[in-house]
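Here is a short briefing for a first look at this structure. Keep the sequence and the 3D view open while you read.

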Amino acid sequence: MPRMPALPLSTSQKQSRVLGLLFIVGFLAYAFLLNPNWSVSAWALPDFRNVIGLPCLLCGGTRAMHFILHGDFQRALYYNWIAFPALVSALVLVIVMSLEIARRRVLLPTVRLRTSQWILVGAVAASLWAHHVYDALHSPKPELLNEQTEGRLRAPPALGLPLAVELSGRGKPL
């Protein structure tokens with residue numbers, strides 16, 4: 001595969017790189033300074049968790065990033081393991097965008113995915129989300145569920161009730 005020549009960085013590309021750097025560094029600073037005991041979604045617009053009642057793929061990600069940046073990897077895994085590859089990706093992007101700005105050259109070409117590739121990306125995201133929901137429902141992670149869902153979908157495991165009874169939240173099957 002022949003190597004593509006480095007294209008000069010246009011003004012709009014430079015602006016997008018600077019905005020991307022500001023966003024990534026700003027988010028990492030926010031995650032570092034965040035008080036993880038404070039309810040982040042209390043002030044947010046209606047989000048996935050509040051509308052559906054189940055955690056989204058990134059629920060707990062900011063808290064997980066906070067704990068990674070403070071060196072508490074076990075708690076970061078508890079909240080959302082996706083923060084680990086997200087941090088590595090963010091650091092790689094910061095390095096590449098910084099080099100592009102400094103050299104005034106495009107280092108990574110724009111990637112355009114075909115429909116079949118988007119379907120694969122969607123399937124991987126859906127399977128990761130399903131695992132995250134399962135993990136939130138079957139482990140003690142009440143902070144990843146909203147109050148209505150927690151009451152309906154969780155039953156004390158010591159009861160040994162059938163799944164339909166546990167899901168209904170009542171003492172009788174669905």
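Start with Ile24. Setting aside neighbours within four places in sequence, Ile24 is in contact with Ala90, Leu93, Val94 and Met97. The model is predicted. The chain has eight helices and zero strands.

**Overall make-up**

- Along the sequence, the pattern reads α-α-α-α-α-α-α-α.
- The chain has 174 residues, and 27% of them count as buried.
- Take the contacts between residues at least 6 apart in sequence: 56% of them join residues at least 24 apart.
- The accessible surface of the chain is about 12,100 Å². Carbon and sulfur atoms account for 68% of that surface.

**The nonpolar core**

- The largest nonpolar core has 15 residues. Ile24 and Met65 have the most contacts inside this core.
- Four helices each supply at least two residues of this core: α1 (11-33), α3 (61-69), α4 (73-79) and α5 (83-103).
- Which helix gives the largest share of this core? Helix α5 does, with five residues.

**Helix α3**

- Seven of the nine residues of α3 are buried, so this helix is largely enclosed by the rest of the structure.
- The buried residues in α3 are Gly61, Arg63, Ala64, Met65, His66, Phe67 and Ile68.
- What covers the buried residues of α3? The cover includes α1, α4 and α5.
- Just after α3 comes Gly71, with a positive phi of about 85 degrees.

**Aromatic pairs**

- The structure holds three aromatic pairs.
- Phe67 and Tyr79 form a stacked pair. Their ring centres are 5.6 Å apart, with 10 degrees between the planes.
- Phe67 lies in helix α3 and Tyr79 in helix α4, so this pair ties together parts that are twelve residues apart in sequence.
- Phe67 is buried, at a relative accessible area of 5%. Tyr79 is buried too, at 9%.
- The rings of Phe73 and Phe84 have centres 6.1 Å apart and planes at 45 degrees, so this pair is tilted.
- Phe73 is in helix α4 and Phe84 in helix α5, eleven residues apart. The pair links distant parts of the chain.
- Are Phe73 and Phe84 buried or partly exposed? Phe73 is partly exposed, with a relative accessible area of 46%. Phe84 also counts as partly exposed, at 25% relative accessibility.
- Ring pairs also link Phe67, Tyr78 and Tyr79 into a cluster.

**The salt bridge**

- The count comes to one salt bridge. Arg17 forms this salt bridge with Glu100. The closest N and O atoms are 2.5 Å apart.
- Arg17 lies in helix α1 and Glu100 in helix α5, so the pair ties together parts that are 83 residues apart in sequence.
- Both Arg17 and Glu100 are buried.

- Where does Asn80 lie? Asn80 sits in the loop between α4 and α5.
- Asn80 is buried, because its relative accessible area is 2% and buried means under 20%.
- A polar atom of the Asn80 side chain lies 3.0 Å from the backbone nitrogen of Ile82.
- Leaving aside neighbours within four places in sequence, Asn80 is in contact with Leu57, Leu58, Cys59, Gly60, Gly61, Ala64 and His132.

**Asp135**

- Asp135 lies in helix α6 (residues 115-137).
- Asp135 counts as partly exposed, at 27% relative accessibility.
- How far apart are Asp135 and Asn80 in space, C-alpha to C-alpha? They are 9.8 Å apart, while 55 residues apart in sequence.

Technical notes
Residues numbered from 1 in each chain as written. Predicted model: local features only at pLDDT ≥ 70, side-chain atom pairs only at ≥ 80, totals over all residues. Heavy atoms only, no water. Buried < 20%, exposed > 50% of the residue type's maximum accessible area, 1.4 Å probe, protein only. Contact = heavy atoms within 4.5 Å. Areas by Shrake-Rupley, 256 points an atom, 1.4 Å probe, with all protein chains shown as cover. Core = buried A, V, L, I, M, F, W, Y, C linked by side-chain atoms within 4.5 Å. Phe/Tyr/Trp six-rings, centres within 6.5 Å; stacked < 30°, edge-to-face > 60°. Polar contact = N/O pair within 3.5 Å; in protein donor to acceptor, adjacent residues only side chain to side chain. Salt bridge = Lys/Arg side-chain N within 4 Å of Asp/Glu carboxyl O.
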